[in-house]
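Hi,

Here is the structure I said I would pass on.

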Amino acid sequence: MRELLNQIEESLNHKFYYLSLITALTVPDIAAKLESTVKEEVGVRYTRWFNTYVRHQTSKRINKKFNLSLPLKLSQLTGEDCYYFRCSLLHEGSSESQRSSYKKILFVEPDTCNFKGHDCTQTSESGTYLLIDVKEFCIDIIEGTKEWLDKVEETEPYKTNYEKFIRRYPNGYPPIVIGCPVIG
């Protein structure tokens, strides 16, 4: 799991924002499943995990950057809206969802305009749009996942579920050792 987070970070460093965003959007789904012991609807699992581990990351980052201890400010993006966006993007290639609170969620590339802040809304005649810095969003997911991993990595059912998690094998997958890296 940490390798996946490292690759999202590396992708951000190379400004591969599509790859970073799409991969980051899958992390809450994967993480929630890795800690799960019961069969539960994906949307419910995803929403709960996102709200628990990601929404508060905005406040943590801002408070750390400016050495503040302000009351918790949650991201405007809820777990439910993120889940709807994730479904639209991954299954339809769209940034619109009929079920979301927003007409569209737009991810702003960093350092390309005067956009400041993690997320803000803009309203027009056609609806309300949520604008989010794509890099900060991905970092919030990475940091939330690291926080979660520190809590669950040595527990059950995480350890059992992680055995099935896709990973990189540097010399091939035992018993199929072919002398080169494989992912599986």
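One thing to ask while you have it open: what covers the buried residues of α2? Bear in mind that this is a predicted model. The cover includes the helices α1, α3 (42–53), α5 (79–92), α6 and α7 (158–162), along with strand β1. The residues of α2 that are buried are Tyr17, Ser20, Leu21, Ala24, Leu25, Val27, Pro28, Asp29, Ala31, Ala32 and Leu34.

Helix α2 itself takes in residues 17–34, and those 18 residues should span 26 Å at 1.5 Å a residue; the end C-alpha atoms are 26 Å apart, so the two agree. There is also a kink in α2, of about 25°, at valine 27, shortly before proline 28.

Over in α1 (residues 2–13) you'll find glutamine 7. Glutamine 7 is partly exposed, because its relative accessible area of 45% falls between the 20% and 50% cut-offs. Its C-alpha atom is 9.3 Å from that of threonine 23, which sits 16 residues away along the chain.

Now the sheet. It is open, has 3 strands in the order β1-β3-β2, and its pairing is mixed. β1 (104–108) and β2 (119–124) are the edge strands: each has a single partner, so one side of each lacks a neighbour in the sheet. On average, neighbouring strands are turned by 25° against each other, ignoring direction. β2 and β3 (residues 127–133) run antiparallel and are joined by 6 bridges; glutamine 122 stands opposite tyrosine 129 in β3. Helix α6 (residues 134–152) packs on this sheet, touching β1 and β3, with its direction at about 70° to that of β3.

Cheers

Notes: Residues numbered from 1 in each chain as written. Predicted model: local features only at pLDDT ≥ 70, side-chain atom pairs only at ≥ 80, totals over all residues. Heavy atoms only, no water. Helix = DSSP H or I, 4+ residues; strand = E, 2+ residues; numbered from the N terminus. Buried < 20%, exposed > 50% of the residue type's maximum accessible area, 1.4 Å probe, protein only. Pairing = 2+ DSSP bridges. Axes fitted to C-alpha atoms, helices over the stretch in contact; angles between N-to-C directions. Contact = heavy atoms within 4.5 Å. Expected span 1.5 Å × (residues − 1). Bend = angle between axes of the 7 residues up to and from the residue.
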